[in-house]
Amino acid sequence: MKKFNIRKVLDGLTAASSSSSSGAAQPGAPRENDAVQETLQSEHFQLCKTVRHGFPYQPSSMAFDPVQKILAVGTQTGALRLFGRAGVECFCQHESGAAVIQLQFLINEGALVSALADDSIHMWNLRQKIPAILHSLKFNRERITYCHLPFQSKWLYIGTERGNIHIVNVESFTLSGYVVMWNKAIELSTKTHPGPVVHISDNPMDEGKLLIGFECGIVVLWDLKSKKADCRYNYDEAIHSVAWHHEGKQFVCSHSDGTLTTWNIRVPAKSAQIITPHGKQPKDGKKPEPCKPILKVEYKTTRAGDPFMVLSGGLSYDTVGRRACLTVMHGKSTAVLEMDYPIVDFLTLCETPYPNDFQEPYAVMVLLEKDLVLIDLGQIGYPIFENPYPLTIHESPVTCCEYFVDCPAELIPALYSVGSRQKRQGYSKKEWPISGGNWGQGTQSYPEIIITGHADGSIKFWDASALMLQVLYKLKTAKVFEKARSKEEKANTDIVEEDPFAIQTMSWCPESRMLCVAGVSAHVLIYRFSKQEVTTEVVQLLEVRMQSEFSNGDSPDPGGEQTPTLPNPGASPSPQESEPPSQPSTGSNSSDGPRDNIACLQVRSSPLKQSPGYQVELVIQLVWVSGEPPQPITSLAINSSYGLVVFGNSNGLAVVDYLQKTLLLNMGTSELYSPSDPYHRQPRSPRKVRQSSGATCDSNDGSNTSEDRCKSPTSAKMSRKISSSSEPKTDLAKERSKQWHSFTRKKHSCCLGRGQAAARMTPKGPVCRTESAPNFYAKDNTFTRSRSSSVTSIDRESRESISAFHFCESYPRKMDGAVGPCLLVGTTQGTVVMVALSLPPAVDQRLQQPVGISSCGTMVTLKGGILTMALLDATGALLPPSFESWYDPNASDEEKEKSRRRRPASPPSSQEGPEAQFAVLCSEKQAKVLAMPSQTRVYKHNITESSFVLRADVVQMAGAYCIACFCANGHIMTLSLPSLRPLLDVNYLPLTDMRIARTFCFSNLGQALYLTSPTEIQRITYSQETCDNRQEMLSELFTPVETPEAPNRGFFKGLFGGGAQSLDREDLFGETGAGKASRSLAQHIPGPAGMEGMKCAASGVVGDLARARIALDERGQKLGELEDRTAAMMASADSFSKHAHDMMLKYKDKKWYQL
C-alpha cells in the first residue's frame, strides 16, 4: 500500500501545480479543491492478461487426451494452447520461447509433458485454471528427438539425436539408470551410425518389447528385461514414422520414398508388404517411381470392418503446386483429402485409450499451419466437423480492430440472427468431439462486441462476452465493387498493389447500428442494418475531388492575405452545381495525359442482392486529380442523429450528408483556421519549375508523381451515378459555381507525407512516388507563427492531416449561451478546431433543407497529433454523441414511424456555475481539459516526453471516467477526469510490431485488446475488480472422469497367456534395479509445486479411485493377473468336470465294441 500512497501524493502535487498554473492564467477556472468530485483511485486499477483467442500462431505439435477430451497445441515460439468444449481454452508460455517439438498427455491425469527444441522437457499441471510447470529437466549432452509415454505409465521414453534412449520418471522427473544405447540396439556388423531416434513405442500386447525406429531405416524390437535386441528390420529408405496393429503382431513404417512397409514381428528378414499409395505402377512390373516422403502414418483397426490407414504426404513428384493432402485408406478405397494449408501434424481419434484393443477410429484431427480440421470417418465422403472455436480471425489478415463493451442488449441477438444464415452447409451431423473442461463461473454479464476489418475487405462481428469469442456476422464490402478487371486497368488506377479492398478504419454507432468504413483505395462505405433482404438496382455513388496543390494553369489570387469565409451552405449551390464548368464530367485516363477524375475502384453496375444484415447505403470515392492519386483516409466519423459522415486525410476533410446523398463540405486543412487565428498559415505560391522534392520516399518511374507535396486548393467535385449529369445549369448555378471555384482557389493546404502519424494510421498506404516532384516553397514565404516548438522547418509544418473527429453537442464559440451540434476536428500537428453545424429545426425538413457548416476557429493546440476528444458535463460525466435509435430501413412506413424516435436533445446547460462542460483532448504527447464555453485550460498533463501515445480512449471505469493510453514504449497509463491525475502506469508491452499499434483498443469497464500475432487476439484488463475475479471467470480444463475399463482378453487368452503381457517397470527402471543416472546428463529444475501439489489439487472419490488404479497397475498388477488366471483355471476345471461327468453317463452302460 505504501507505493500507492506515495504515488498519490506525488500525483496530487503534480495535478495541483498544473492546476494552479492554469488557474493563474484564467482566474475563472475551477481550482482543485472545488473541482468535480472524483471517485477513481489507483486501487481501482491493475493490469493483467485475461484470455487469448484465435488460432495458435506457427503451430508445431499437438496431443489429445481421449478420456478428458482435451486438445493441446504447441507452437514454434514456445506457446501452449489448450482447447476443450466451445468456450474452454487456455494459454501458457514456456519462458525459454523455444519451439515445442512434441506433447504427451498423462491420459486422464490432468498433466501434460512438453518437449522443447532446447532439449528440455516440462511437466504441466492442468488441474488448476492457470496451468503451471511442476518439473523441468534440461538435457546437457544430447538433443531430444522423440518422446513416448505409454498409457497408465509413469516412465517416459526419450530418444535422442545420438540414437540413445533415456527413461524419465514423470512423478519425480529424475532420470533412470536404464539406458538403451544405439550401439547395442543395432547389429555389431553395422559400420555406420543409425541416425537419430525417430520413433519409440511399446508392443501393444507386450510392454516388455520396445520398438525403436532409427532415421536410416533400421527398426529394432528391444527386449527391456533381457536388455538386448530381439529382432532387427532393415529397409534402404529413411523412416519417418511407425504404427502398430493393435494385436502387436504387425507394424507399418512410412518412408522417405513414399512407400509403406508392413512387417511381421517374427519375420524380420523381409517385409510382408510394400506399397506406394500414390505411386504410378509400371506395366512391366518394375518398382514404382518414388514419391514424396510419407511424413506420418497411423494404423487403426475396427471390429466390424477393414482397418483404417491414415497418412500425410506421399504424393507423386509430378503433382507440382498441388496442395497438401491427407490420405485415408479403408479397405479397397483410398480417399485423398486436400487441405488449404500445409499439414503440421494429425491424430486419429479413437473410442478407446488402450492400444491393445480394437481402436474404432471415428475422426481424424488435422493441424494445419493456419487451421484446425476434424474429419468424420464415420460418414460417407468424410465430411468435416463444424469448428466451434474462433480460429478464423486470420482468414484474411486483420488490418484494424474496434472493441465495444456494454453494448445495447439486443445487438448480439440481432447480429447472430442474420449471421446464422451465412453458415456453410455439409458439415458432419455429429457433435464436436473435443468436449472436455467446464466454463468459468464469472459474474460479468454485459455484452461485448469486437469488430475486425480485414485485407480482403471483409468485416467480422464477434461476440466477446464472458471471456469467450464467437463470430456473429461477416460483411463483405468487396461485393459493392467490380472484381473482374484487366491487369492494365488495375495498374493504372490502383494506389495499392494488392488488397485494394482492405479496411483501413471504421466508425460504428451501436445504438443506430450505422456502420461506416474506409478502405485503402480511398473509398468510404456507409451501411444500414436491416433484417430484410433487398435488391439494390443501382448502388448510389458519390465521387469527391480532394486536392491541395495548384494545377499548372492556376495562379494564386493576388489578394492572398484576404481569407474568405466559408460558404454558407444554406445559400451555396449543391455540389453538383458547384463544379467548375471547365471540368469534364467524366474521368480521363488516356496514355498521353495525366489521370483525372478517376476512382481507384469501379463500383458495381449490375443489381446488388443484399442479404439481411448490413446493406450499403452510399459509396464515397476520392478520385485522381491531375495525375495525383487520392490520399489515404486517416480519420472517419459518423453520426446517426445528424445524418452526417466526415472523413479526412492529408489533403483536408469532407463532410457528407448521407441522408440527402450530397457533399456538404470539402476543404483543405489550412482553410479550417479563421482569418484572425494566430496559427493560421498564409497561402504560398508554387514554383513553376518542377524538381525533385528529396528522398523521403522511394522513387518510382517517371510517370509517377509525388504524394508528399503541397497541392492546389480543394475543389469539390461530386458525381451521383444514379442521376443524370448532363442537365444544363442555370445562370445562378453558373455564378455560384464561379464563386465556389474562386473560394477554393484562394486557399491551399499542405499535404502530409509519410510521417509518423500517417504510418501509424495507414498500415496499407500506397507506394510513395517522388519522381518529378515540384518544390512549392518559395524562399520569401514564411509562417506567421509556429504552432509547436518542435516544428522548425516549412517541410515539417507542411505535414498536417486530419487525425481525429468527434461529433458533440457543445458551445461552438467562446462564451456562447446555448449548446448546439458541433464537430471537433483534430490534426496531426496538435490543433483542435471547432466546427458548428446547423441542422434544420424540424425533422420533416431534414431531407429538404441543407445542413449549414461554419468553422469557429482553433480552440487549442497540443504537442503531437490529436488522438481522441470527448466532452464531460459539469459533474464529470461523459456526454456521448447524440444518436438515432435503430429502425429497419426496409420496413413499412408505419413501422418506421413507430420505431424511429430520435434521442431527445440535451437541454441547454444552466449557466449557474462558472463552466457548463469540460472538453477532454488527448494527443500523442499530452492531455488537456478545457472549460466550456470559455475554452480556458483548467488541467494539463504531459503524458510522455521520450515516446508517444499510440492509442488513447476516454473510457468508463467503476462508475466514473478516465483516459486510457498505450504508449510506443510499452507503458499503459490511465488518467483521471477531469483533473488528469495519473492512476496507473505499467510497463506492459514494448512496441515490437506495427500490428499491435494498429489493433490496440481500449474499451469500457477496464477491458482492452490487441492482436498479439497475425492469428491471435490477446485480451487484457486494467480493472482491479476483474483481476480479482479472474480465477472464477476462467474455464476449467480438468474434470474428474472415470477411466474406461481395460479390454476383456477372453477365456482362452486368459487361460493360455495369449493376452497383453505386463511389465513391472518399477523394478526394471527404478534405482534399485537400474541404478542412478549420470548427473551431468540432465539437470532437474523443480517447478513452483511438486507432484504432491498436483495430487492434492485433485478432489473427489473419482480422483482417488483413478490414482489407486494406477498404483495397482504399476505395483500390484501381477497379483491381479494371478487372481484372474486362477479364476479362469477354476472355471475351466468346473467346465472340464461337467463334460467328463456327461461323457461318463453317456457311455457307462455301453460295451467296448459299441463305442
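Tyr403 stands opposite Ile450 in strand E30. This is a predicted model, where local features need pLDDT of at least 70 and side-chain atom pairs count only at pLDDT 80 or more, while totals for chains, interfaces and linings use all residues. Residues are numbered from 1 along each chain as its sequence is written, and side-chain values use heavy atoms, with hydrogens and water left out.

**The sheet**

- E29 and E30 (residues 448-454) pair in the antiparallel sense over seven bridges; to count as a pair, two strands need at least two bridges found by DSSP.
- Strands here are DSSP runs of E with at least two residues, helices are runs of H or I with at least four, and the numbering starts from the N terminus.
- Four strands line up as E29-E30-E31-E32 in an open, antiparallel sheet.
- At the edges sit E29 (398-405) and E32 (470-476), each pairing on one side only.
- On average, neighbouring strands of this sheet are turned by 20° against each other, direction ignored.
- Angles run from 0 to 180 degrees between N-to-C directions, using axes fitted to C-alpha atoms (for helices, over the stretch in contact).

**The helix across it**

- Helix H3 (residues 411-419) lies across E30, E31 (458-463) and E32, and runs at about 65° to E32.

**Around Ala185**

- Ala185 belongs to helix H2 (residues 182-185).
- Ala185 counts as buried because its relative accessibility is 0%; buried means under 20% relative accessible area, exposed over 50%, and partly exposed in between (1.4 Å probe, protein chains only).
- Leaving out residues up to four places away in sequence, Ala185 touches Phe214, Val220, Trp222, Ala229 and Arg232, where contact means heavy atoms within 4.5 Å.
- Val219 is 34 residues from Ala185 in sequence and 9.3 Å from Ala185 in space, C-alpha to C-alpha.
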